[in-house]
Amino acid sequence: MTPSRLPAVLAAYNWAPNTDRYRKLSQFVDAFFTKFPIFQNPPFHPKWKEVSLSAPLAGWQRFPASQLWLDQHGIQPVARDRFEEFLRQAPAGCKSAIGSEKEALFKQFQAWEAEKTQGRKRKVQAQVPVRPAKPEKKDRWKD
């Protein structure tokens with residue numbers, strides 16, 4: 001890999017379950033992963049669209065709370081195998097892609113997958129009922 005192609009990794013210490021630090025890290029994972037799609041839209045940097053929370057990294061183990069969150073939300077890694085299958089089924093122009101062209105197509109594929117996943121999330125969120133706001137308390141000291 002060239003230096004510009006090295007993956008960015010968010011790493012955390014593997015705290016023992018049932019500890020306060022594990023609980024706090026789990027809370028961070030839930031908050032960050034839940035709000036992650038916000039980073040992929042303006043005004044944030046376009047590079048956020050290339051980030052995959054579910055991409056596997058050889059030799060690394062995912063934090064259990066992260067894997068649980070991904071499983072609960074049905075998010076699968078954008079696997080290179082699925083991309084290769086996509087290329088095999090694509091028009092002839094895509095099949096002849098080489099090197100940097102293939103890499104550019106893979107990035108487009110990742111963005112397409114991310115948009116598809118966000119669409120499913122929006123659909124699920126639209127189905128979740130929203131509680132009405134509590135009525136404001138009246139100040140009993142004012143007339």
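This is a predicted model: local features need pLDDT of at least 70, side-chain atom pairs count only at pLDDT 80 or more; totals for chains, interfaces and linings use all residues.
1. Start with the charged side chains. The structure holds 3 salt bridges. One of them pairs D20 with R23, with N and O 2.5 Å apart. The two residues sit 3 apart in helix α1, so about one helical turn separates D20 from R23. In terms of accessibility, D20 comes out partly exposed at 40% relative accessible area, and R23 is partly exposed with a value of 40%.

2. D20 also has a salt bridge to K24, where the closest N and O atoms are 3.5 Å apart. Here the spacing is 4 residues within helix α1, so again about one helical turn lies between D20 and K24. K24 counts as partly exposed, with 48% relative accessibility.

3. Next comes the pair K47 and E50, whose side chains meet in a salt bridge at 3.4 Å, N to O. K47 is partly exposed, its relative accessible area being 48%. E50 is partly exposed as well, at 32% relative accessibility. As for shared partners, D20, R23 and K24 are joined by their salt bridges into one network.

4. Now the backbone. Which residues does a cis peptide bond join? They are P42 and P43, and omega there is about 15°. P43 is placed in the loop between α1, which covers 20-39, and α2. N18 is found in the segment before α1. Is N18 buried or exposed? At 83% relative accessibility, N18 counts as exposed, because the cut-off for that label is over 50%.

5. Last, A65, which belongs to helix α2, residues 64-72. With a relative accessible area of 14%, A65 is buried, since buried means under 20%. Leaving out residues up to four places away in sequence, A65 touches Y22, S26 and V29. A65 and L25 are 40 residues apart in sequence, yet their C-alpha atoms are 8.3 Å apart in space.

How values were computed: Residues are numbered from 1 along each chain as its sequence is written. Side-chain values use heavy atoms; hydrogens and water are left out. Buried means under 20% relative accessible area, exposed over 50%, partly exposed in between (1.4 Å probe, protein chains only). Contact means heavy atoms within 4.5 Å. A salt bridge is a side-chain nitrogen of Lys or Arg within 4 Å of a carboxyl oxygen of Asp or Glu.
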